[in-house]
Amino acid sequence: MIEEQNKNGEEKVLLIITILVSIIFGFLLPLIVWFVKRDSFSSYADNIAKGTLNFQLTIFIAEILCGLLSFTGIGCILLPIVHVVNIVVLVMAAVAVNSWTEFKYPMTIPFIR
């Protein structure tokens, strides 16, 4: 369990909202939230915010690659798969944050450490 779990319920709500809204807005909201709150976040919240941002940047790159590959037809098959993976992983992350457990995003390029 996280030692800071009772520290701030506001962090938990902000993280869950950021994670779920990033399904629609991609990396923009996680980037803004992490940039504004990075100094005041606990270490757990900072790790989750950076993980969400890195995951969304990875998904963005995968969407661009699928767009480029759509000329061959492969991208048209892969793009829906990328979207489903994005939704499933973000919902799993939101559930983990709700219970204050550690969550590591799979298949993520660590742009921000």
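**Helix packing, salt bridges and a nonpolar surface patch**

Beyond its neighbours up to four places away in sequence, Ala 49 touches Leu 15, Trp 34 and Phe 41. This contact set is taken from a predicted model, as are the features described below. Ala 49 belongs to helix α3, and with a relative accessible area of 6% it is buried, because the limit for a buried residue is under 20%.

One of the residues touched by Ala 49, Leu 15, is itself a buried residue of helix α1. The packing partners of the buried α1 residues are α2 (28-37), α3 and α4 (74-98). Helix α1 itself comprises 17 residues (residues 9-25).

Side chains of opposite charge can pair when their charged atoms come close. The model contains two salt bridges. In one of them, the side chains of Lys 37 and Glu 10 meet at 3.9 Å, N to O. This pair links distant parts of the chain, since Lys 37 lies in helix α2 and Glu 10 in helix α1, 27 residues apart. Lys 37 has a relative accessibility of 25% and therefore counts as partly exposed, whereas Glu 10, at 52%, counts as exposed.

A further salt bridge joins Asp 46 to Lys 50, with the closest N and O atoms 3.2 Å apart. Both residues are located in helix α3, where a separation of four residues corresponds to about one turn of the helix. Asp 46 and Lys 50 are both buried.

Helix α3 (residues 43-69) also holds Ile 61. Ile 61 lies twelve residues from Ala 49 along the chain, and the C-alpha atoms of the two residues are separated by 19 Å. In contrast to the buried Ala 49, Ile 61 counts as partly exposed because its relative accessibility is 33%. Ile 61 is part of a nonpolar patch on the surface, which it forms together with Phe 60, Ile 64, Leu 65, Leu 68, Ile 109 and Phe 111. The accessible area of these residues together is about 620 Å². Helix α3 thus carries both the buried Ala 49 and the partly exposed Ile 61.

Technical notes. Residues numbered from 1 in each chain as written. Predicted model: local features only at pLDDT ≥ 70, side-chain atom pairs only at ≥ 80, totals over all residues. Heavy atoms only, no water. Patch = residues over 30% accessible without salt bridge, like charges linked within 9 Å, V, L, I, M, F, W, Y side chains within 5 Å. Areas by Shrake-Rupley, 256 points an atom, 1.4 Å probe, with all protein chains shown as cover. Salt bridge = Lys/Arg side-chain N within 4 Å of Asp/Glu carboxyl O. Helix = DSSP H or I, 4+ residues; strand = E, 2+ residues; numbered from the N terminus. Buried < 20%, exposed > 50% of the residue type's maximum accessible area, 1.4 Å probe, protein only. Expected span 1.5 Å × (residues − 1). Contact = heavy atoms within 4.5 Å.
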